[in-house]
Amino acid sequence: MSKAEWDTDQWKTENYINDSTEAQSKQKEQKSSEDSYYRFNDLNYRWVSLDNWTYSKEFKIPFEISKWQKVNLILEGVDTVSKILFNEVTIGETDNMFNRYEQCSFSWDWGPSFPTQGIWKDVRIEAYNICHLNYFTFSPIYDKSAQEWNLEIESTFDVVSSKPVGGQVIVAIPKLQTQQTYSIELQPGKRIVELFVNISKNITVETWWPHGHGNQTGYNMTVLFELDGGLNIEKSAKVYFRTVELIEEPIKGSPGLSFYFKINGFPIFLKGSNWIPADSFQDRVTSELLRLLLQSVVDANMNTLRVWGGGIYEQDEFYELCDELGIMVWQDFMFACALYPTDQGFLDSVTAEVAYQIKRLKSHPSIIIWSGNNENEEALMMNWYHISFTDRPIYIKDYVTLYVKNIRELVLAGDKSRPFITSSPTNGAETVAEGWVSQNPNSNYFGDVHFYDYISDCWNWKVFPKARFASEYGYQSWPSFSTLEKVSSTEDWSFNSKFSLHRQHHEGGNKQMLYQAGLHFKLPQSTDPLRTFKDTIYLTQVMQAQCVKTETEFYRRSRSEIVDQQGHTMGALYWQLNDIWQAPSWASLEYGGKWKMLHYFAQNFFAPLLPVGFENENTFYIYGVSDLHSDYSMTLTVRVHTWSSLEPVCSHVTEHFVMKGGEAVCLYEEPVSELLRRCGNCTRESCVVSFYLSADHELLSPTNYHFLSSPKEAVGLCKAQITAIISQQGDIFVFDLETSAVAPFVWLDVGSIPGRFSDNGFLMTEKTRTILFYPWEPTSKNELEQSFHVTSLTDIY
């Protein structure tokens with residue numbers, strides 16, 4: 001036996017209280033029985049992070065220590081500053097939970113302050129003789145000149161034998177008919193073994209593709225180390241083959257450079273959102289929750305998540321699921337919205353962190369880019385922190401030291417399989433040319449942009465930047481009442497309650513939501529405070545969904561054109577995907593995974609084939625947007641309804657046309673005055689336009705719509721009576737809806753029953769419609785009937 005391992009558990013926790021009055025102790029005991037997220041507990045529990053804590057365990061090692069050459073105590077994750085004692089002897093200290101402080105633990109504009117501390121990953125004891133495999137990582141590399149795949153495997157050993165250890169390594173990938181054997185000799189000490197595996201070009205290698213573009217094919221690989229002394233070490237892994245390129249090149253008719261990704265040589269528009277930690281307490285992020293959240297990503301036709309740099313490097317299972325589901329990952333290093341030190345101690349800590357994370361993560365095909373930080377280049381150059389002009393060169397020098405001379409060098413040395421940028425937003429190659437910081441890092445002509453504007457009318461697409469790549473943008477909404485109800489009490493259920501104001505961490509956020517909603521909608525009028533609260537929640541979700549829809553569709557239709565020297569947009573990642581607790585935020589998924597209206601809208605505005613309608617100078621346009629790899633023949637149907645009738649007043653079907661794959665082109669153009677005249681007695685206020693793509697009477701796209709005026713000015717819009725008959729088909733439930741009138745923003749809700757609908761928040765222009773409900777846990781027709789509630793826009797007036 002050459003190795004022994006033993007997991008430790010059931011730790012005893014002791015709190016060394018700074019102010020240990022009896023009253024305070026009793027108060028703490030009482031509060032500890034409540035959910036950390038309940039009402040104001042983020043304030044009530046602040047004492048936890050201000051005290052010192054000791055986690056202790058008494059144990060007997062279940063093997064004879066003297067028989068082993070080396071015994072290690074392994075702590076996979078300690079949060080953050082600690083001293084580790086063994087039999088009252090200090091054997092280690094920590095000051096970095098990433099392998100640095102999890103910044104958002106101390107609150108953000110979407111989350112609470114819960115600076116957690118303690119043991120947040122596994123603890124174990126391991127003992128070994130001869131040698132031990134510490135790290136195992138690999139990268140598939142495509143040789144363009146030879147047109148063949150190779151695999152670089154790196155293994156790090158701790159050789160405790162006093163003599164060299166010889167042996168052989170057998171690498172086997174059966175489905176690629178690959179088996180190669182290598183002789184190795186390990187000298188005493190820390191040793192790295194690098195293997196180069198050639199995949200015969202006569203073997204067809206199926207590549208990994210992002211969701212919506214192909215399969216996520218992977219190959220099982222085993223690596224067996226047969227070493228002296230009868231020591232066998234075997235590692236198994238799944239290998240995926242894909243190439244990624246970040247294309248920055250001149251664009252005809254525009255200054256600047258492109259900024260887009262090619263996967264396996266194919267240009268791909270990145271559609272998705274930004275990921276934050278799914279909980280302040282990481283032990284609550286279970287496998288089931290991760291799968292639910294990430295499945296919701298692909299169910300909404302997304303192909304990308306940006307792992308934001310103020311949270312954590314996610315657990316292995318997160319990246320494994322992204323590999324499996326075809327979700328591309330833009331991976332920030334964990335630096336965000338701050339000026340960081342560059343003393344040697346900090347740089348050493350960062351070096352260890354970055355080197356460790358590269359080794360851990362680089363084998364995942366889902367990760368397509370490393371980014372040095374979130375918004376720090378922009379913060380520095382836009383002077384967020386009011387640095388004097390004379391001191392700026394010092395800060396720029398520190399910035400370059402940290403992100404370029406350290407992090408970038410580590411990435412270049414450790415991972416050749418994907419690009420690196422120093423920041424987001426950044427001007428990419430232009431940032432490099434300007435000495436690693438640009439005068440305007442948010443330029444529309446280079447790199448990526450972050451854009452937020454809560455005052456301008458979000459229905460006006462001219463507000464948005466026609467940038468190369470939009471990696472952050474968004475609008476807030478409140479989560480559903482069923483989500484808030486779990487962490488609040490009756491007195492909290494109004495928009496201006498202490499609870500509502502406390503949960504809103506974005507300054508002026510509640511007022512901004514109502515202002516933006518009020519531009520196009522009548523605000524709730526009920527005299528019942530609870531009804532008003534629920535209606536306001538609904539309206540903020542309508543506003544958010546419609547704002548992000550308008551902005552995202554603008555980016556998608558800008559992919560193929562240059563207008564006023566700007567365009568060729570090739571990415572739209574809205575802020576943000578998920579919530580860390582039950583509160584207003586930019587998220588489209590509520591805490592726990594319930595879909596907001598925005599997420600249902602995302603399912604449509606990220607569809608692979610989409611018609612997008614908009615106006616310019618009183619002319620109505622419809623663009624066709626395709627993410628497909630092939631060209632398809634189809635027609636566009638344009639319908640106009642009056643608000644007062646379920647029968648269209650006019651309908652127009654175009655001639656057949658060929659929609660080219662990977663392009664956005666104008667399909668339809670008509671002055672609004674002509675459209676209204678052609679459709680009888682229509683006015684902007686009395687009619688609404690809907691449109692879809694089809695072939696041979698088969699729907700190819702979602703049905704999209706365009707408002708000719710604000711809904712608050714709609715003429716003929718009356719209160720719709722909507723009923724639903726619920727039936728069950730296997731594990732799926734069918735909701736057969738019937739409406740008495742045209743109904744905008746129809747919202748189906750089943751409270752806290754986990755699951756999602758096939759569509760929601762839709763414009764209902766026909767008398768009947770069938771919607772499916774996919775439960776995430778077992779439920780029944782009776783439970784759904786008891787919980788079901790439907791709302792449309794006129795219900796809140």
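## A histidine in a loop

The side chain of H505 reaches the backbone oxygen of H502 at 3.2 Å. That pair is a polar contact, meaning N or O atoms within 3.5 Å; within protein, one must be able to donate a hydrogen and the other to accept it, and residues adjacent in sequence count only if both atoms are side-chain atoms. You will find H505 in the loop between helix 11 (498-503) and helix 12 (509-518). Helices here are DSSP runs of H or I with at least four residues, strands are runs of E with at least two, and both are numbered from the N terminus.

The C-alpha atoms of H505 and M543 are 19 Å apart, and the two residues are separated by 38 residues along the chain.

## About the model

This is a predicted model, in which local features need pLDDT of at least 70 and side-chain atom pairs count only at pLDDT 80 or more, while totals for chains, interfaces and linings use all residues. Residues are numbered from 1 along each chain as its sequence is written, and side-chain values use heavy atoms, with hydrogens and water left out.

## Two helix pairs

Let's start with helix 4 (residues 287-299) and helix 5 (residues 316-325), which pack at an angle of about 35° with their axes 10 Å apart. Axes are lines fitted to C-alpha atoms, for helices over the stretch in contact, and angles run from 0 to 180 degrees between N-to-C directions. From helix 4, S287, L290, R291, L294, Q295 and V298 meet E317, F318, L321, C322, E324 and L325 of helix 5; contact means heavy atoms within 4.5 Å. By class, this contact of helix 4 with helix 5 has seven nonpolar, two polar and three charged residues. Here Ala, Val, Leu, Ile, Met, Phe, Trp, Tyr, Cys and Pro count as nonpolar, Asp, Glu, Lys and Arg as charged, and the others, Gly among them, as polar.

Now look at helix 6 (residues 344-361) and helix 8 (residues 392-414), whose axes come within 10 Å and cross at roughly 30°. F346, L347, V350, T351, V354 and I358 in helix 6 meet residues of helix 8, including T401, L402 and N406. By class, the contact of helix 6 with helix 8 has nine nonpolar, four polar and no charged residues.

## Around strand 30

The side chains of Q566 and Y445 make a polar contact at 3.4 Å.

Q565 sits in the loop between strand 29 (562-563) and strand 30 (566-567). Phi of Q565 is near 70°, a positive value in a residue other than glycine. H568, in the loop between strand 30 and strand 31, also has a positive phi, near 55°.

## Two cis peptide bonds

The peptide bond from S424 to P425 is cis, with omega near 0°. P425 belongs to the loop between strand 26 (420-421) and helix 9 (429-433). The bond from W575 to Q576 is cis as well, with omega near 5°.
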